[in-house]
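The following note has been prepared for a colleague who wishes to examine the model point by point.

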Amino acid sequence: MSLEVAAMARVSLTAPRTRLFRLVEWYSRRAYGKVLDPARALAHNPRVLWSDLRFEQSLAKWNRLDPDLKALAEMASAAAIGCSWCVDFGYWVSRERGMAPEKLHDVPVWRDSDVYTPLERDVLAYAEAMTATPPTVDDDLTARLRDRLGEPALVELTAMVAVENLRSRMNSALGLKSQGFKDTCEATGSARPADDAAARD
């Protein structure tokens, strides 16, 4: 898998071995079992990598939106953009947190799935509408979400979709593909077999 990914990436995944990257490499292996390819790519510009790390640490403290809704929004945005790395990693992170695998698995085909609540369907629709170019968010959808979630959570949802657009578009532009995180979930029996191509590219 790593050789295939390295051949498809548009920047070298052999990062300069700065002190910052060595620290990121150590933490990444400890937390995720492997070094994340986005970190390898960003390490070519240490200031970009450092800013990204600080930004992600700040995002982790946001807590006004339900984590499952946040995960669905991120996955819907990543799937709409076609970022297989983000879909793969997002699936793994959410499964590790205990989210129902069928809800993650069905994100690319959520309109045809019966596993989502009306609120979840609105969140998925909002994420896709925000991700469209230009955005296609409408007043009715936003009003439903504002009424159900409250304004603080709606703002957080909106910000998280924007953040996922940043991640997914950057990873896609750099040619980063999935690293097999989702397959690890399935190998341990924690998820049903998947057939969505986005997570296997």
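1. Is Glu25 buried or exposed? In this predicted model, Glu25 has a relative accessible area of 9%. Since the cut-off for a buried residue is under 20%, Glu25 is therefore classed as buried.

2. The partner of Glu25 is Arg17: the two form a salt bridge in which the closest N and O atoms lie 2.7 Å apart. Arg17 has a relative accessibility of 48% and is counted as partly exposed.

3. A second salt bridge brings together the side chains of Lys103 and Glu120, with an N to O distance of 2.8 Å. Lys103 belongs to helix 7 (residues 101-105) and Glu120 to helix 8 (residues 118-131), so that distant parts of the chain, 17 residues apart, are linked by this pair. Lys103 and Glu120 are both buried.

4. Because Arg111 sits in the loop between helix 7 and helix 8 while Glu128 is in helix 8, the pair ties together parts 17 residues apart in sequence. Arg111 is exposed, at a relative accessible area of 51%, and Glu128 is partly exposed, at 22%.

5. Some salt bridges share partners, and these join Glu56, Glu74, Glu164 and Arg167 into one network. The count of salt bridges in the model comes to eleven.

6. The largest pocket holds about 1400 Å³ of space. It is lined by 42 residues, of which Tyr32, Glu56, Ala60, Phe89 and Arg167 are the closest to its centre. Glu56 and Arg167 are also members of the salt-bridge network.

7. Which helix gives the largest share of the lining of the largest pocket? That share, eight residues, comes from helix 6. At least two lining residues each are supplied by helix 2 (19-32), helix 3 (37-42), helix 4 (46-59), helix 5 (67-81), helix 6 (84-97) and helix 10 (151-173).

8. The composition of this lining may also be noted. Sorted by class, the residues around the largest pocket comprise 29 nonpolar, six polar and seven charged. Glu56 and Arg167, named above among the residues closest to the pocket centre, belong to the class counted as charged.

Definitions and conventions
Residues numbered from 1 in each chain as written. Predicted model: local features only at pLDDT ≥ 70, side-chain atom pairs only at ≥ 80, totals over all residues. Heavy atoms only, no water. 1 Å grid on protein atoms, 1.4 Å probe; cavity = no way out; pocket = protein on both sides within 12 Å on 5 of 7 lines; lining within 4 Å. Points joined across faces, edges and corners; volume = space filled by probe spheres on them. Helix = DSSP H or I, 4+ residues; strand = E, 2+ residues; numbered from the N terminus. Salt bridge = Lys/Arg side-chain N within 4 Å of Asp/Glu carboxyl O. Buried < 20%, exposed > 50% of the residue type's maximum accessible area, 1.4 Å probe, protein only.
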